[in-house]
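Morning, everyone. Please bring the structure up on your screens, and I'll walk you through it.

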Amino acid sequence: MKMDYFINRATNWDTPRRISMANHFVNALLEHVEPKSHWKGMEIGAGTGLVGLQLLQKVRSMVLVDTSVKMLDVLKKKIKGVKNVEIVSSEVTDYQVRDIDFVFSNMSFHHIEDIPATLEHVYKITQPNAVMVIGDLRSEDGSFHQFDPVPHRGFDTDELSEWVENAGFSVKSVNTYNVLKRERMQGKISEYEQFILVAERK
Ligand SMILES: C[S@@+](CC[C@H](N)C(=O)[O-])C[C@H]1O[C@@H](n2cnc3c(N)ncnc32)[C@H](O)[C@@H]1O
């Protein structure tokens with residue numbers, strides 16, 4: 001397995017800024033989707049649970065998938081005694097059961113190498129009409145992760161939509177829901193748009 005990018009970030013992950021980013025995503029998601037109490041949910045790249053643990057209250061159960069043992073260590077401390085959560089400490093491709101009604105991901109897809117293969121696998125483990133919500137950065141110049149390159153400099157949402165459709169989903173909407181402002185070069189504030197893509201499995 002490749003080097004864990006988050007190994008030294010996990011214990012300090014839950015900053016006010018990241019909590020606010022996660023809240024923005026949850027609010028945007030809830031504008032488009034009304035999670036049902038009988039659904040089994042899944043988050044891909046759950047990290048410390050900033051998004052998934054908010055949505056857990058709305059569904060029957062949830063699978064939280066992440067490749068970082070350290071991020072999951074932080075998450076596990078938050079869910080001691082919680083029964084309706086399953087942790088998958090691996091790639092989503094290691095989850096093989098077709099029982100997911102609702103799959104979502106926030107700021108994790110740009111860390112995943114092969115998006116078409118990941119989406120094809122998501123198709124295999126989801127029920128017909130399952131809802132999928134992907135939140136991430138729109139295409140950026142690479143400065144967002146300038147010191148630690150990642151597989152994707154954000155996404156061209158037309159290309160991502162094509163991959164989503166090719167995997168067997170219908171794209172329902174793609175919207176910009178937030179703009180991050182970061183000083184990546186001294187004295188220069190760069191803006192990074194965050195999109196939310198909502199799709200339904202055929
Ligand atoms: C930027 S963090 C976002 C965490 C969380 N979704 C949030 O909003 O705070 C990205 C997460 O994706 C995870 N990740 C990276 N590559 C992954 C992969 N191939 N499969 C599953 N998770 C992955 C990382 O370990 C990390 O926890």
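What covers the buried residues of H5? Before I get to that, one caution: this is a predicted model.

Find helix H5, residues 157-166. Thr-157, Leu-160 and Val-164 are its buried residues. They span an arc of only 60° around the axis, so they sit on the same side of H5. Now turn to the other side of H5. There, Asp-158, Glu-159 and Asn-166 are exposed.

Back to my question. The cover over the buried residues of H5 includes helix H4 (115-125), strand S6 (169-185) and strand S7 (188-201).

S6 and S7 run antiparallel, joined by 13 bridges. Thr-176 has Phe-195, in S7, as its bridge partner. Their hairpin has two residues between the strands, and Gly-187 there takes a positive phi near 80°.

S7 also has strand S5, residues 126-137, as a partner. That pair is antiparallel, with seven bridges. Look for Met-132, which stands opposite Ala-199 in S7.

Met-132 comes up again in the core. In soluble globular proteins, nonpolar side chains tend to be buried together. Here, the largest nonpolar core has 46 residues. Val-65, Val-103, Met-132, Val-133 and Leu-197 have the most contacts inside it.

Take Val-65. Which residues is Val-65 in contact with, leaving aside neighbours within four places in sequence? The answer is Met-42, Glu-43, Ile-44, Ala-46, Val-88, Val-92 and Tyr-95.

Next, helix H3, residues 69-78. Met-71, Leu-72 and Leu-75 are buried. Their arc is only 90° around the axis, so they too share one side of H3. They pack against strand S2 (61-65) and strand S3 (85-88).

Between H3 and S3 there is a loop, and Lys-83 is in it. Is Lys-83 buried or exposed? Exposed, because Lys-83 has 6 C-beta neighbours inside 10 Å. Lys-83 and Met-62 are 21 residues apart along the chain, and their C-alpha atoms are separated by 9.9 Å.

Note on methods
Residues are numbered from 1 along each chain as its sequence is written. This is a predicted model: local features need pLDDT of at least 70, side-chain atom pairs count only at pLDDT 80 or more; totals for chains, interfaces and linings use all residues. A residue is buried if 20 or more other C-beta atoms lie within 10 Å of its own, exposed if 12 or fewer, and partly exposed in between; C-beta atoms are placed from the backbone. Helices (H or I, at least four residues) and strands (E, at least two) are DSSP runs, numbered from the N terminus. The arc is that of the directions from the helix axis to the C-beta atoms. Two residues are in contact if their C-beta atoms, placed from the backbone, lie within 7 Å. A nonpolar core is a set of buried Ala, Val, Leu, Ile, Met, Phe, Trp, Tyr and Cys residues joined through C-beta atoms within 7 Å. Two strands pair if DSSP finds at least two bridges between them.
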